Amino acid sequence: MNNELVKRVEDKLLDTLLLAERLYNRAFELPKLSFELSSSRIAGQAFLHDWKIKINSRFLQSNSEEVINVTVPHEVAHLVCFVLHPRAKQAHGPEWKGIMQDFGLKPNTYHTMRLPDVRTYTYICSCQKFHLSSLIHKRVQAGQRRRCCKCKKEIVFLG
């Protein structure tokens with residue numbers, strides 16, 4: 001792992017946590033940080049009860065600016081939300097969205113980054129494109145139905 005990228009992630013994590021402390025007038029413990037996330041789809045993940053954030057090193061290396069400037073604050077927002085709203089019912093619910101907006105970011109629940117060496121299959125609905133993994137593509141081809149969470153239409157393989 002590139003030491004410069006690790007340092008930038010650590011700096012962004014600290015900056016975002018300090019922003020949260022100013023915004024909400026309370027202290028937050030610095031979470032543990034790991035780069036051991038190996039999914040081909042997930043760029044980052046917050047572990048609320050362990051107070052830990054995992055960043056996918058492959059996404060960090062190929063999409064460093066988006067991971068540092070969007071994924072890291074996204075995951076910090078989950079931790080902050082857990083402290084401020086412990087009874088929040090949804091991971092990406094209104095409480096989390098409000099925190100993201102307070103951070104000055106769009107409360108997107110997904111990313112559009114792709115790893116260069118991962119085969120994906122393009123699907124569409126009436127409002128957007130999706131890049132599905134081989135596993136999900138096989139499931140859809142076998143009859144599993146998937147719908148867009150925005151327009152609620154079934155997604156269709158572009159072939």
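Glu 75 lies in helix H3, which spans residues 64-84; helices (H or I, at least four residues) and strands (E, at least two) are DSSP runs, numbered from the N terminus. The model is predicted, so local features need pLDDT of at least 70 and side-chain atom pairs count only at pLDDT 80 or more, while totals for chains, interfaces and linings use all residues. Residues are numbered from 1 along each chain as its sequence is written, and side-chain values use heavy atoms, with hydrogens and water left out.

**Surroundings of Glu 75**
- Glu 75 is buried because its relative accessibility is 5% (buried means under 20% relative accessible area, with a 1.4 Å probe and protein chains only).
- Leaving aside residues up to four places away in sequence, Glu 75 touches Gly 44, Gln 45, Ala 46 and Ile 53 (contact means heavy atoms within 4.5 Å).
- A distance of 12 Å separates the C-alpha atoms of Glu 75 and Lys 32, which are 43 residues apart along the chain.

**Packing of H3 with H4**
- Helix H4 (residues 94-102) packs with H3 at an angle of about 125 degrees, and the axes are 9 Å apart (axes are lines fitted to C-alpha atoms over the stretch in contact, and angles run from 0 to 180 degrees between N-to-C directions).
- H3 is therefore oblique to H4 (angles under 35 degrees count as roughly parallel, over 145 as roughly antiparallel, 65 to 115 as roughly perpendicular and the rest as oblique).
- H3 contributes Pro 73, His 74, Ala 77, His 78, Val 80, Cys 81 and Leu 84 to the contact, and H4 contributes Glu 95, Trp 96, Ile 99 and Met 100.

**Strands S4 and S5**
- Strand S4 (residues 120-124) pairs with strand S5 (residues 129-133) in the antiparallel sense over five bridges (pairing requires at least two DSSP bridges).
- Four residues lie between S4 and S5 in the hairpin that they form.
- Thr 122 stands opposite His 131 in S5.

Notes: Buried < 20%, exposed > 50% of the residue type's maximum accessible area, 1.4 Å probe, protein only.
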